Amino acid sequence: MLQFILRRIAISTLILFLGSVLMYVLTINSADPLQDLRESRAENREQLMQARIDNMGLDLPWWQRYLGWLTGVSKCFVLQCDLGETRDGSDVNALLLASAGASLRLVTVATFLAIFIGVALGVLSAIRQYSGFDYVITFSAFLFYSLPVFWAAVLLKDFGAIRFNNWIADPAVSTTATAVVALLFALALASLLGGGLRRQLVTGLITFVVVFGFVFAFDQVNWWVQPALGLPLILVGALGALGFMLVMTVGLANRKILYAGLVTIGLGLVSYVVLGPVLEDPANWWVILALVGVTVLVGAAVGWVMGGYERRTAMVVSVGTALGMAFLIFMDRLLRGWAGFLELAGNRPVSTIGENRIIPERFTGDFWESIFNWGVQLVLPTIVLTLISIASYSRYTRGSMLETINQDYIRTARSKGLSDRVVFTKHALRNALIPITTIVAFDFAALLGGAVITETIFGWRGLGAMFRLGLDTVDPNPVMAYYLVAGGAAVMMNMLADIAYASLDPRIRR
């Protein structure tokens with residue numbers, strides 16, 4: 001395995017080198033870097049042109065300019081990168097750090113959401129092949145996959161930013177809109193749970209009534225401006241998390257593990273009250289991370305003590321339940337900060353330009369309000385990138401899952417009397433995920449490239465803006481900095497995918 005990784009590193013380095021030569025040559029020959037000065041009527045035009053020629057080294061042959069850039073990049077091996085300066089004299093190192101932080105924040109969130117949602121939809125679609133749910137997911141996947149990025153981004157910018165800001169100033173949901181939302185939820189849940197026509201009708205009717213009641217109640221108490229989950233919803237959500245963990249592991253019949261999960265929920269309720277003052281305004285993210293660590297330790301301890309002969313499974317269920325409840329408590333505190341952020345933003349929370357609604361230096365809100373200031377602008381571009389990626393993940397997962405569940409070893413597992421849950425989660429899913437790892441590797445690098453359009457539309461000062469700046473000014477340094485990040489990410493993700501193959505399928509290790 002070590003020889004394989006070293007060989008891949010050598011090949012990838014060669015590919016990056018050849019690609020950098022091609023990118024550099026194409027960039028410097030894409031246009032005239034002195035065009036704007038040639039058309040200028042300034043009296044010192046000649047001096048300005050000579051200064052730019054000296055600054056960018058335009059009087060040198062291309063290979064000499066490239067070697068100068070490559071020499072600066074080679075210093076990265078000793079942690080002293082020198083990526084040069086832009087045409088205007090700005091440090092590309094500083095520009096890259098700021099731009100990469102914004103873009104990686106966007107792409108990373110979109111990638112993880114797309115993987116989780118896309119794989120889950122693909123698995124469910126394969127399990128319920130040729131059902132109404134399968135047809136809806138298939139149609140939606142083809143629809144989102146064919147959407148032009150720029151068109152979807154413009155629509156979301158209009159409805160999710162401009163019109164949402166107008167609505168949140170005086171929020172109200174009509175009875176018709178409430179009924180439509182409840183109907184969509186009812187159809188989705190009924191098709192997901194499946195069963196006979198009678199069962200689907202009962203499921204849909206119950207879901208319609210519950211969702212309609214919640215939306216109507218939220219509208220009456222003006223929940224859209226002053227939202228919160230509250231202890232009852234946190235408790236219901238925690239029980240749902242426990243049920244999900246049980247279904248995915250040992251089922252609902254194992255009393256010891258069930259009781260371990262219930263004890264974990266009880267301790268979570270106590271912590272909700274005890275840690276209230278701490279969560280009112282945490283000092284920083286380290287406090288939140290420390291509480292997450294404590295949550296994992298407590299859940300593992302409960303599972304170890306109460307699990308008996310199935311301690312390992314009990315620990316998994318208890319930790320999963322504890323993290324689910326901790327997430328709900330976190331969201332409850334976060335939602336309570338929405339009203340304060342609305343006031344700071346002048347009741348127009350979603351900005352159409354930039355990655356921050358309020359400039360951080362001028363922001364005066366608390367910890368929770370700062371999360372909204374940082375995260376609200378992340379929602380719309382993340383939705384654009386996630387929807388397009390979900391389409392491919394769901395289709396590939398469905399095809400891979402269908403191919404896997406028709407294998408002989410799956411029929412053997414069924415003949416042994418194993419339940420569908422065990423067959424699908426422990427036998428079929430693991431092998432079905434092997435092709436998906438390749439898609440994830442390529443998709444992450446592709447999202448960095450595709451984010452150029454999304455960042456331009458939403459006004460993000462990320463890698464896309466830096467790349468476009470370099471092209472517009474015929475300046476190779478910003479373009480090559482973008483290439484280093486995008487190309488390096490592609491190489492790294494492909495190498496991680498190769499390593500993941502060995503983890504998912506032990507046969508590959510040989």
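## Overall architecture

Of the 510 residues in the protein chain, 41% count as buried, in what is a predicted model rather than an experimental one. The chain has 21 helices and zero strands, and its C-alpha trace spans about 85 × 60 × 45 Å along the principal axes. When contacts with a separation of 6 or more are considered, residues 24 or more positions apart account for 74% of them.

## The largest pocket

The largest pocket has a volume of about 2300 Å³, and 48 residues line it, with Phe116, Ala120, Leu124, Phe244 and Met248 lying nearest its centre. Seen by element, two or more lining residues are given by each of H5 (92-127), H8 (175-193), H9 (197-220), H10 (230-248), H18 (420-432), H19 (434-458) and H21 (476-504). The largest share belongs to H10, which supplies nine residues of the lining.

In terms of residue class, the lining of this pocket divides into 37 nonpolar, six polar and five charged residues.

Helix H14 (residues 311-336) packs against helix H16 (residues 367-405) at an angle of about 85 degrees, and their axes are 8 Å apart. Because an angle of 65 to 115 degrees counts as roughly perpendicular, H14 and H16 are described as roughly perpendicular to each other. On the H14 side the contact is made by Phe330, Arg333, Leu334 and Leu335, while H16 contributes Trp368, Ile371 and Phe372. Sorted by class, this contact between H14 and H16 has six nonpolar residues, no polar residues and one charged residue.

The axes of H5 and H20 come within 7 Å and cross at roughly 135 degrees, which makes H5 oblique to H20. Here the contact is made by Leu95, Leu96, Ser99, Ala100 and Ser103 of H5, together with Leu463, Gly464, Met466 and Leu469 of H20. By class, the contact of H5 with H20 has six nonpolar, three polar and no charged residues. H5 is also one of the helices that give two or more residues to the lining of the largest pocket.

## Loop residues with positive phi

Asparagine 347, which is found in the loop between helix H15 (338-344) and H16, has a positive phi of about 60 degrees although it is not a glycine. Its relative accessibility is 38%, and asparagine 347 therefore counts as partly exposed.

Valine 474 is another residue other than glycine with a positive phi, in this case near 50 degrees, and its place is the loop between helix H20 (463-472) and H21. With a relative accessibility of 4%, valine 474 counts as buried, because the cut-off for that class is under 20% relative accessible area.

## Tryptophan 223 in the loop between H9 and H10

Tryptophan 223 is found in the loop between H9 and H10, and at 19% relative accessibility this residue counts as buried; the value should be read with the cut-off in mind, because buried means under 20%. Not counting residues up to four places away in sequence, tryptophan 223 touches Phe218, Ala228 and Leu335. Of these, Leu335 is also among the residues of H14 that make the contact with H16. From C-alpha to C-alpha, tryptophan 223 and methionine 331 are 14 Å apart in space, and the two are 108 residues apart in sequence.

Valine 202 is found in helix H9, and at 43% relative accessibility valine 202 counts as partly exposed. The C-alpha atom of valine 202 is separated by 8.4 Å from that of alanine 190, with the two residues twelve positions apart along the chain.

Lysine 256 is placed in helix H11 (residues 255-274) and, at 47% relative accessibility, likewise counts as partly exposed. Leaving aside neighbours within four places in sequence, lysine 256 is in contact with Met306, Gly307 and Gly308. The C-alpha atoms of lysine 256 and glycine 303 are separated by 9.2 Å, although these residues are 47 residues apart along the chain.

Methods:
Residues are numbered from 1 along each chain as its sequence is written. This is a predicted model: local features need pLDDT of at least 70, side-chain atom pairs count only at pLDDT 80 or more; totals for chains, interfaces and linings use all residues. Side-chain values use heavy atoms; hydrogens and water are left out. On a 1 Å grid over the protein atoms alone, a cavity is a set of points where a 1.4 Å probe fits but cannot get out, and a pocket is an open set with protein on both sides within 12 Å along at least five of seven lines; lining residues have an atom within 4 Å of a point. Grid points are joined across faces, edges and corners, and a volume is the space filled by probe spheres set on the points. Helices (H or I, at least four residues) and strands (E, at least two) are DSSP runs, numbered from the N terminus. Ala, Val, Leu, Ile, Met, Phe, Trp, Tyr, Cys and Pro count as nonpolar, Asp, Glu, Lys and Arg as charged, and the others, Gly among them, as polar. Axes are lines fitted to C-alpha atoms, for helices over the stretch in contact, and angles run from 0 to 180 degrees between N-to-C directions. Angles under 35 degrees count as roughly parallel, over 145 as roughly antiparallel, 65 to 115 as roughly perpendicular and the rest as oblique. Contact means heavy atoms within 4.5 Å. Buried means under 20% relative accessible area, exposed over 50%, partly exposed in between (1.4 Å probe, protein chains only).
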